[in-house]
Amino acid sequence: MKLFCELSENVQYLVEEKEGKKDFYIHGVFMEMETKNRNNRVYRSEHTIPVIQKYIEENVKTNRAYGELGHPQGPSINLDRVSHMIKELKVDGNQIIGKAKIMETPMGNIVKSLILEGAGLGVSSRGMGSLIEKNGVMEVQNDFHLATAGDIVADPSAPNAFVQGIMEGAEWVWDNGILKQQQIEQYKETINASVKHRTLEKDKFGIFESFINSLSKK
């Protein structure tokens with residue numbers, strides 16, 4: 001199984017005020033089906049809709065549909081990085097429309113500050129599954145598992161996209177109900193070390209540069 005994330009920038013901010021308290025939301029298209037995305041992947045509705053419906057029943061309706069700020073390094077939800085809770089999710093044609101409330105957490109407060117400063121943010125779904133190539137497009141198969149309908153992210157630059165690609169490139173397998181990585185590459189280890197020491201933002205450009213230099217030597 002592969003970990004894959006899909007960015008949607010078709011979202012907007014909402015601020016609702018009640019009795020002097022302001023609640024912040026992000027609303028819009030969280031996922032799309034039946035169309036090739038920027039990662040050359042396509043989600044077929046017959047596979048995706050049942051997964052979305054299950055996610056709504058098991059997560060959204062029970063207040064367990066969390067999302068994080070930034071790209072996590074795996075499929076699990078890290079509670080210390082949760083920034084928002086998905087309150088609404090529905091299928092509208094070939095689009096999955098969502099509404100998420102920004103929470104009063106450390107990461108949620110960062111998101112609120114970014115919104116107030118006018119930052120451009122997007123939503124990135126995160127899931128697991130296998131892929132089969134058909135007519136030059138990678139189709140997500142019926143073993144698709146949705147970890148979250150949306151993390152809050154910035155539009156990735158080349159280094160950000162490279163880091164995300166390395167994380168997505170690892171193989172994951174189910175082992176007694178637990179997702180485990182099958183193989184860890186050198187770059188993945190470097191990225192993990194940067195995450196551990198909270199230096200990823202600084203180190204990712206060096207990692208990306210190292211990768212580019214390695215290509216030029218071949």
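Reader: How many bridges join β5 to β6?
Author: 3 bridges join them, and the two strands run antiparallel. Strands here are DSSP runs of E, at least two residues, and helices are runs of H or I, at least four, numbered from the N terminus. Keep in mind that this is a predicted model: local features need pLDDT of at least 70, side-chain atom pairs count only at pLDDT 80 or more, and totals for chains, interfaces and linings use all residues. Residues are numbered from 1 along each chain as its sequence is written, and side-chain values use heavy atoms, with hydrogens and water left out.

Reader: Which residue is the bridge partner of G67?
Author: H84, in β6.

Reader: OK, and in what order do the strands of the open sheet come?
Author: The order is β2-β3-β7-β6-β5, with antiparallel pairing; two strands pair if DSSP finds at least two bridges between them. β2 and β5 (66-68) are the edge strands, each pairing on one side only.

Reader: Switching to helices: which residues of α2 are buried?
Author: In α2 (residues 106-116), M107, G108, V111, K112 and I115 are buried, meaning under 20% relative accessible area, while exposed is over 50% and partly exposed lies in between (1.4 Å probe, protein chains only).

Reader: Why are they on the same side of α2?
Author: Because they cover an arc of only 145 degrees around the axis, taken from the directions from the helix axis to the C-beta atoms. On the other side, P106 and L116 are exposed.

Reader: What covers the buried ones?
Author: The cover includes β2 (11-18), β3 (21-32), β6 (82-92), β7 (95-102) and β11 (145-153), with contact meaning heavy atoms within 4.5 Å.
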